[in-house]
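Thanks for coming, everyone. I have one structure to walk through today. Please keep the sequence open beside it.

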Amino acid sequence: MPMTVSDVMNRFVVAVETTASFTDVVTAMCRFHVGAVPVVDGDRRVIGMVSDSDLLLKDLDRRPGDLIIEGPSRRRERRKASGRTAAQIMTSPAITVTEDTTLRRAASLMRRNRIKELPVVDGETGRITGLVKQSDLIRAFCRPAEDLRDDVVKVVSRYSPQCAVRVEDGIVHLVGGVARRSQVRALIEEVWQVDGVVDVESSITYETDDVSRAVPAGAPRRTGPAEGGKDR
């Protein structure tokens with residue numbers, strides 16, 4: 001099974017309430033050496049996040065300017081820069097995950113939104129249960145080679161019993177054959193989805209080329225008995 005947030009999350013969470021002052025937020029972040037803190041309401045439901053980037057907006061140039069030509073992003077930054085409480089400084093709504101969110105999904109959210117921490121909330125109540133950081137996700141690559149190989153073998157066995165699997169330094173080496181050429185790419189893509197895979201080296205052969213026949217007439221065709229894992 002894919003690793004989930006519950007496998008790597010921190011259950012000790014530094015959070016602040018909406019009424020926390022700017023100084024309170026800074027003090028909490030410095031004391032616990034964190035780059036962001038969730039903002040919660042009285043029921044511990046996450047309503048926003050304050051990051052070090054939000055706090056550094058205090059250094060924003062406040063000289064009078066032509067506010068009419070300022071874009072919405074700049075005006076939002078100015079409002080944050082003048083904020084005195086967590087509610088005024090925070091970015092809201094917060095982007096959150098639940099404990100059963102896969103690490104791959106969490107990493108995608110971080111990358112897409114350019115953030116390094118995600119509050120973990122209860123799927124039903126919305127109350128905070130933990131925090132997952134970008135550095136926590138790296139633990140997916142610390143899996144024992146035996147566990148990684150077992151998961152890859154489960155994937156490979158659905159395509160062919162004739163494939164040999166070797167794992168070395170997170171790199172999966174596949175040697176063997178499948179019935180159809182279309183299965184080669186599907187197999188490699190599914191192996192890539194296994195947590196902890198660093199790369200895939202494939203020497204998979206196929207018996208029937210069911211891909212070339214689907215190529216329109218006149219289109220270039222590539223032939224060969226084996227396809228490598230790096231062609232993704």
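This is a predicted model: local features need pLDDT of at least 70, side-chain atom pairs count only at pLDDT 80 or more; totals for chains, interfaces and linings use all residues.

The chain has 232 residues, and 38% of them count as buried. Its secondary structure comes to 8 helices and 9 strands. Accessible surface is about 13,800 Å², with 52% of that belonging to carbon and sulfur atoms. Now the contacts. Take those with a separation of 6 or more: 57% of them join residues 24 or more positions apart.

On to the inside. Which residues have the most contacts within the largest nonpolar core? They are Val152, Val156, Val172, Leu174 and Val191, in a core of 20 residues. The elements giving two or more residues to this core are helix 7 (145-157), strand 6 (164-168), strand 7 (171-180), helix 8 (181-192) and strand 8 (199-208). Helix 8 gives the largest share, 5 residues.

Look at Val156 for a moment. Beyond its neighbours within four places in sequence, Val156 touches Cys163, Val165, Leu174, Leu187 and Val191. There is also a second, separate core, with 14 residues, including Val5, Leu103, Val120 and Val132.

Leu103 takes us to helix 5. The buried residues of helix 5 are Leu103, Ala106, Ser108, Leu109 and Met110. What do they pack against? Strand 4, strand 5 and helix 6. As a reminder, an α-helix has 3.6 residues a turn, so residues three or four places apart point the same way.

Just after helix 5 comes Arg114, with a positive phi of about 55°. Arg114 is not a glycine, so please note that phi when you look at the backbone. Arg114 sits in the loop between helix 5 and strand 4. Is Arg114 buried or exposed? Exposed, because its relative accessibility is 80% and the cut-off is over 50%.

Arg44 also has a positive phi without being a glycine, near 65°. Find Arg44 in the loop between strand 2 (36-40) and strand 3 (46-51). Arg44 is partly exposed, at 40% relative accessible area.

One more backbone point. The peptide bond from Ser92 to Pro93 is cis, with omega near 0°. Pro93 is in the loop between helix 4 (86-89) and helix 5 (103-113).

Gly126 is in contact with Arg44, Arg45, Val46 and Val121, leaving aside neighbours within four places in sequence. Gly126 itself lies in the loop between strand 4 (117-121) and strand 5 (128-133). At 24% relative accessibility, Gly126 counts as partly exposed.

Now salt bridges. The structure holds 8 of them. Asp43 pairs with Arg45, with the closest N and O atoms 3.2 Å apart. Asp43 is partly exposed at 37%, and Arg45 is partly exposed at 33%. Asp41 joins Asp43 and Arg45 in a network of salt bridges.

Next pair: Arg158 and Glu190, with the closest N and O atoms 2.0 Å apart. Arg158 is in the loop between helix 7 and strand 6, and Glu190 is in helix 8, so the pair ties together parts 32 residues apart in sequence. Arg158 is exposed at 54%, whereas Glu190 is partly exposed at 25%.

Why does Arg181 count as buried? Because its relative accessible area is 9%, and buried means under 20%. Asp209 is partly exposed, at 21%.

Last, cysteines and the surface. The structure holds 0 disulfides. Cys142 is exposed at 58% relative accessibility, while Cys163 is buried at 15%. Ile138, Phe141 and Val198 make a nonpolar surface patch of about 300 Å². Phe141 lies in the loop between helix 6 (134-137) and helix 7.

That's my tour. I'm happy to take questions.

Definitions and conventions
Residues are numbered from 1 along each chain as its sequence is written. Side-chain values use heavy atoms; hydrogens and water are left out. Helices (H or I, at least four residues) and strands (E, at least two) are DSSP runs, numbered from the N terminus. Buried means under 20% relative accessible area, exposed over 50%, partly exposed in between (1.4 Å probe, protein chains only). Contact means heavy atoms within 4.5 Å. A nonpolar core is a set of buried Ala, Val, Leu, Ile, Met, Phe, Trp, Tyr and Cys residues joined through side-chain atoms within 4.5 Å. Patches are made of residues with over 30% relative accessible area and no salt bridge: like charges are joined within 9 Å, nonpolar side chains (Val, Leu, Ile, Met, Phe, Trp, Tyr) within 5 Å. Accessible areas come from the Shrake-Rupley method with a 1.4 Å probe; for residues, only the protein chains shown count as cover. A salt bridge is a side-chain nitrogen of Lys or Arg within 4 Å of a carboxyl oxygen of Asp or Glu. A disulfide is a pair of cysteine sulfur atoms within 2.5 Å.
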